Amino acid sequence: MAVKYDFKSVEQKWQDYWYGERVFEVKEDPSKPKFYGLIEFPYPSGAGLHVGHIRAFSSMEVIARKKRLEGYNVLFPIGYDAFGLPTENYAMQTKQHPRKVTDENIAKFTAQLKKVGYSFDWSRVVDTTDPDYYKWTQWIFLQMFKRGLAYKATTTVNFCPKCKVVLANEESQGGVCDRCGTEVVQKEKDVWFLKIRNYAERLLTGLEKVNFPERIKTEQQNWIGKSQGADVTFKVKVAGTEYPLVVYTTRPDTIYGATFLVVSPEHPLLKEYASSIVNAEEVAAYQAQAKLKKEFDRVQVNKDKTGIKVEGMVAVNPITGTEIPIFTADYVMMDYGTGAIMAVPAHDKRDWDFAKKYDLPIIEVIKSDVDVQVEPYCAKEGAGIMVNSGFLNGLTVKPAIAKMIEYMEKAGIGKAKTDYKMKDWAFNRQRYWGEPIPIINCPHCGQVAVPESELPLRLPDLEDFTPTDDGTSPLSKCTDWVNTTCPICGAKATRETDTMPQWAGSSWYFLRYESPRDGEHAVNPDAYAYWGQVDWYNGGMEHVTRHLIYSRFWNQFLYDIGAVSHEEPYLRRSAQGLILGADGEKMSKSRGNVVNPDDVVKQYGADVLRMFILFIGDYEKPAPWSAEGIKGCNRFLARYWNAQDLIASGKVDTSDLNLDALVKKVSDDYEACKFNTAIAAIMTALNTIYARGKTTREELNTVSLLLYPVAPHVTSELYSIINNGAYVDKAKFPSYDESKLVAETVEIPVQVMGKLKERVTVPAGSDEAAVMEAVKATGVLDGKTVIKVIYVPDKIINIVAK
RNA sequence: GCGGCCGUGGCGGAAUAGGCAGACGCGUACGUUUGAGGGGCGUAUGGGAGACCGUAUGGGUUCAAGUCCCAUCGGCCGCACCA
């Protein structure tokens, strides 16, 4: 009898071996094919590891362990995304330095991850807060700055009054702060931007080259938000002159139905000609109100259209020559298109609402059954024939758009334009715990890059890094550091005191892993030539429109400057679903439904935790934790352990378990992230072995190897015991014989009129006549006339009979 | 409003390309083992006494529908006054 499995000592034994012998540390080896598997490096929060991390990391862990057994040289690195607000806030609360807090948290995470037995290459750890790392983050920023891709501008930005920090659009989705949920306010600030919009088109087309799940591609496409249309110039008669007002429209074909223009309350036209506006006071009041509204009423959706007519100016429709009124309304945004639209109320819901409210004419230009005076007809592209539209009459929408653009371009009143919803990336934060932006402000030379030889530009040690209410960075208090000289002219100058957002360090860490200690390059060219692109990247859906776009952008930029040789960083992406609390709700401290992986490891061991998190359900879908369900995995591993007692000395008939089919099933399922069904298949196999009551060493070895990526400790131990101390991680992953996948005989369900009536067992590959012979023998067709037979070989037979 | 996803036992979930619905696990019941059990082992477990009925609801296509089509109801996620 095997001794009772003691997970504590066995897991410790194998972890000592893996980490002590540096089993998973790799070097470039041209004799082997490489595989680069990546997981999103964690933010080392004080709360420690979460079961969500276990799910996120365990998929690549399985793949990495499997690929090693298949002969790949596997790079499976780990690091820490350690700059950021929670650490800084915690440090302030507890009056410690963020450096100290970060180091403690990293040490805690490292210990926890090792207890789970992950096969990371611990020699390659990167820490974004390490000056040797952020030196290169700053270097990349400077390369962008030198090429005009980083610029400073004064704009209205999203500002979180609680975190006291400027937020990128991506961090303030829905008008609330990503981190604390506080409503975001608009603030005029000097802001550093990265010109991610320059890469919008390539970020779109690049998606065609990579293997990402459709939902991720769709989300990124929506986020980038490409639209094709035209800029059209309307002449505005004001103050005795003609002001060219450019509107952006995706539907230039409907211009005959444009009965008014609407400009955003922030539009420069209103500022420039304020003195010519007859109802200037009213307009000014509306502008003020719109600004307030932005700050306080963002949550309200589909609110009533409001607006006000701008008296004292009138626009001329460039196609019809008709004079039409101009309105200002807050449903037109300054930061999209040109901040001005032509309103076609007959065919746009918002314009229609507005026209009804202010009693403006509605002209139908696309024929339909609906009466546009009663409701708008919002034609999808191609639906409908143009009417009341001069030379476009009779055309369908698509050709009408093309013809109108052609006409406008010839006449010089408009031109085709592609626009994107995605905004440039607001790149500075007024906080301490981030990479200093390596720029010096010189009164003579303007913004000057810190010389590369002076990188890293280190964060100065500060006593007090509390952010200020007015939004200036705590670094500004450190005058010794701020005051410097201009590297160009030598004059007294000051340093930029804002820091980079947390997204900076994570935008290129996957490249640093390839040569983490290189002092000469961000990415060592030789290392990159070997490891290249990430073969498979797993992470969360919440990063799809942030980190996953930002890092693609940085990689494309690095490609442009020749630092890397692939445009796309990730060949394949997968995404795990959330682990919910047992109550089906998102895990949170306040709900009290948080599961701590440490507790699970203590109670059941790492193998059980790893196995259950993968068995819990569809990997990509959310799944509730179950304290009961995990027992099943615990039982299974105990049964697996005890199966060593079933190894029989004599000959064993193992034909009831098709190992080739099992190997294929498990192998394919792992590669497809279907860990739950892979594990189920291994469970079924073990059930078969137990039902039979005996097994062979070979059979159990195959099961061990299949199970090893999921539960490496217990399989390593059992494999060692039954194979005279051999190491499972030095074995080969089992392969299968394609010709042995089908059994010799198959059981064929027999349907009569589509209803299951019988089953017959026939040799595999039997033809219809042979199967019918067997069916007749069962008697189900007695007294019936066969009309038609549908036979799917080796699958099913259906007989239509009277 | 737009885009995407999804509704299967008491529960988590299976079902390759239209071909045996409910794999695997949990839970439950009964039996058994043990000095004892919140342990091990065994059997059963969608509903119905039954022919049969069953994948949110109603229609349709097909020899055959959880899977395809149309409509309705419900849920989730992303974007959101995007011109």
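**Before you start**

Residues are numbered from 1 along each chain as its sequence is written, chains are lettered from A and ligands numbered from 1 in the order in which they are written. In this predicted model, local features need pLDDT of at least 70, side-chain atom pairs count only at pLDDT 80 or more, and totals for chains, interfaces and linings use all residues, while side-chain values use heavy atoms, with hydrogens and water left out.

**Stop 1: helix α18**

Select residues 629-642. This is helix α18, with 14 residues. Helices (H or I, at least four residues) and strands (E, at least two) are DSSP runs, numbered from the N terminus. From its first C-alpha to its last, α18 reaches 21 Å, close to the 20 Å expected at 1.5 Å a residue. The expected span is 1.5 Å times one less than the number of residues.

Now colour I630, C633, F636, L637, Y640 and W641. Buried or exposed? They are buried. Buried means under 20% relative accessible area, exposed over 50%, and partly exposed in between (1.4 Å probe, protein chains only). These residues cover an arc of only 140 degrees around the axis, so they sit on the same side of α18. The arc is that of the directions from the helix axis to the C-beta atoms.

What covers them? The cover includes α16 (597-604), α17 (606-615), α20 (675-692), α21 (697-707) and α22 (712-722). Show those helices next.

**Stop 2: salt bridges**

The whole structure holds 40 salt bridges. Each is a side-chain nitrogen of Lys or Arg within 4 Å of a carboxyl oxygen of Asp or Glu.

Select E452 and K146. Their closest N and O atoms are 2.6 Å apart. E452 lies in the loop between β19 (446-449) and α12 (479-482), and K146 in helix α5 (residues 131-146), so the pair ties together parts that are 306 residues apart in sequence. E452 is partly exposed, at 32% relative accessibility. K146 is also partly exposed, at 48%.

Go to K226 and E201. Their side chains form a salt bridge of 2.9 Å, N to O. K226 lies in strand β8 (residues 226-238) and E201 in helix α6 (residues 200-205), so this pair links parts 25 residues apart in sequence.

Next, pick R251 and D253. Their closest N and O atoms are 3.0 Å apart, in a salt bridge. R251 counts as buried at 18% relative accessibility, and D253 counts as buried at 0%.

**Last stop: a network**

Select K66, K67, E70 and E671. Salt bridges that share partners join these residues into one network.

Notes. Contact = heavy atoms within 4.5 Å.
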